[in-house]
Amino acid sequence: MRNGRQKGKVRGRKGKVEPLFSFFRGHGRIATIDAAKAAPPPSPLAPIDLTDPGQVAGVMHIAARIGDILLSSGTGNNDTKAQIHAVTSAYGLHYTHVDITMNTITLFTHMGTFKTPVSVFRVVNRLGTNFGQLAEVDRLIRSIQAGATSPDMAEKILDQILNTEPEARLLRFTLGWAVMAAAVAVLLGGGFLVAAISSISAAIIMLGSELLDKQNLPPFFQNIYGGFVATVPAALAYIIAVNQGFSLAPSQIIASGIVVMLAGLTLVQALQDGITGAPVTASARFFETMLVTGGIVAGVAIGIQVSAALGIHLPPIETNAPPNFASATVKVISGAVASAAFAVACYVEWKSMWIAGLTAAAGSSVYYFLLLPNGVGPVVGIGISSTIIGLAGGLLARRHLIPPLIVSVSGITPLLPGLAIYRGMYAVLNEQLLTGFTNMALALAIATSLGAGVVLGEWIARKLRRPPTFNPYRAFRARRRFFHKPTPPLN
């Protein structure tokens, strides 16, 4: 009886823990990229005439268009190649060579008995922040892999994805960036007035940048404009507050504007490309990120100089007080709100918004409640937190069939080094070169730690939720044991 009760208890504990183990073992839903990397390649569920050059080139063109949207949304080279291969394999083109270099996609294959070469070349649009299109393309890839979408239907769906505007586009765009800036200002320690000024400043920055983008102004100059707009209103609000007899920290307003402009940059994609074996593309994207960030720094510097010319001298930047439980709670909540607002500004679905906020809350909780109180430095602490964000976001995204990139890029938004960049720029302009370069190096280290942590967390999530591989030899051997009947010995 005693042994029976013990066995019953063990079975009860296993029954309670089994759902947790099954979640991490990878059964159930997986991401599209996980299915694309599963072996063997999918069978041609929607086959085409492999001897018709028009149909072969048409399928390759569909795959190139899908790769265009994936790359322009921030997906890494390696993952984009895998999903392009998944699309061509689903239509019967198993042996298609794919090459991606920065903003070009080249597909090549042989056709027919005489190995007639067929190639497709496509130039990718520059990065955007329309994650709604990324989610739609993710669903399209799943449908193609399932054999439910013909090439003609896939072309129509792609046209619809590219030509359909998000509902209430301008309202979501403006409100999302404004709420994000206000939440970041609270995260940095600002009050209601600072949050209100930051939201107005961010709305002006992003609406102006979109207008300049329609005029084909390069992103570098758009960020100079953004850095200038982030600085001058903060300086004017500071001098008005001083004249009215109450305090206001302009650094919090400026830093929130910097974070708004830094959000969604290509650093995560650049590091992912470098880690996964695309050094040329990684170097180009990293240089692009540094150049765009340089535009922000230049705009802030111009704003500080213009403010000084108007007789407004910004105060020395105060040091932040050590975190306590109450302030950490506010920071975690405001960080989650900032992440969710960024997701809204990128036109994601509502389910993705909630998951992005929860992921950011998980990473921020570890950073503010566990790491900072125990003396962990910002670079190491943010690296650990971003790894948790990449891991939690990857698992949640796979559970709810959302592209993991949406959750990870949104989740790291509250940890972007906006205040460190402003501190460095302010110190350099006030002839404190050592302090200035130290803060700029710290900002670069934090940004690199963010990108590397997200890539590592996503890699762990992919390993935990990877699809089961197919071993044909083992499967055939088991089938043979099942059906094979031993022959009776001869007398």
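**Figure 1. Helices and strands of the predicted chain.** The protein chain holds 19 helices and 3 strands. Helices (H or I, at least four residues) and strands (E, at least two) are DSSP runs, numbered from the N terminus. This is a predicted model: local features need pLDDT of at least 70, side-chain atom pairs count only at pLDDT 80 or more, and totals for chains, interfaces and linings use all residues. Residues are numbered from 1 along each chain as its sequence is written, and side-chain values use heavy atoms, without hydrogens or water. Of the 491 residues, 49% count as buried (under 20% relative accessible area, 1.4 Å probe, protein chains only).

**Figure 2. Helix α9 against helix α10.** Helix α9 spans residues 219–244, and helix α10 spans residues 250–262. Their axes (lines fitted to C-alpha atoms over the stretch in contact) come within 8 Å and cross at roughly 160°. The angle runs from 0 to 180 degrees between N-to-C directions. α9 and α10 are therefore roughly antiparallel (over 145 degrees).

**Figure 3. The residues between α9 and α10.** Contact means heavy atoms within 4.5 Å. From α9 come Asn223, Gly226, Gly227, Ala230, Thr231, Ala234 and Tyr238. From α10 come Pro250, Ile253, Ile254, Gly257 and Met261. By class, this contact has 7 nonpolar, 5 polar and no charged residues. Ala, Val, Leu, Ile, Met, Phe, Trp, Tyr, Cys and Pro count as nonpolar, Asp, Glu, Lys and Arg as charged, and the others, Gly among them, as polar.

**Figure 4. Ser408 in helix α16.** Ser408 sits in helix α16, residues 404–411. Ser408 is buried, with a relative accessible area of 9%. Leaving aside neighbours within four places in sequence, Ser408 is in contact with Ile389 and Val454.

Technical notes: Parallel < 35°, antiparallel > 145°, perpendicular 65-115°, else oblique. Buried < 20%, exposed > 50% of the residue type's maximum accessible area, 1.4 Å probe, protein only.
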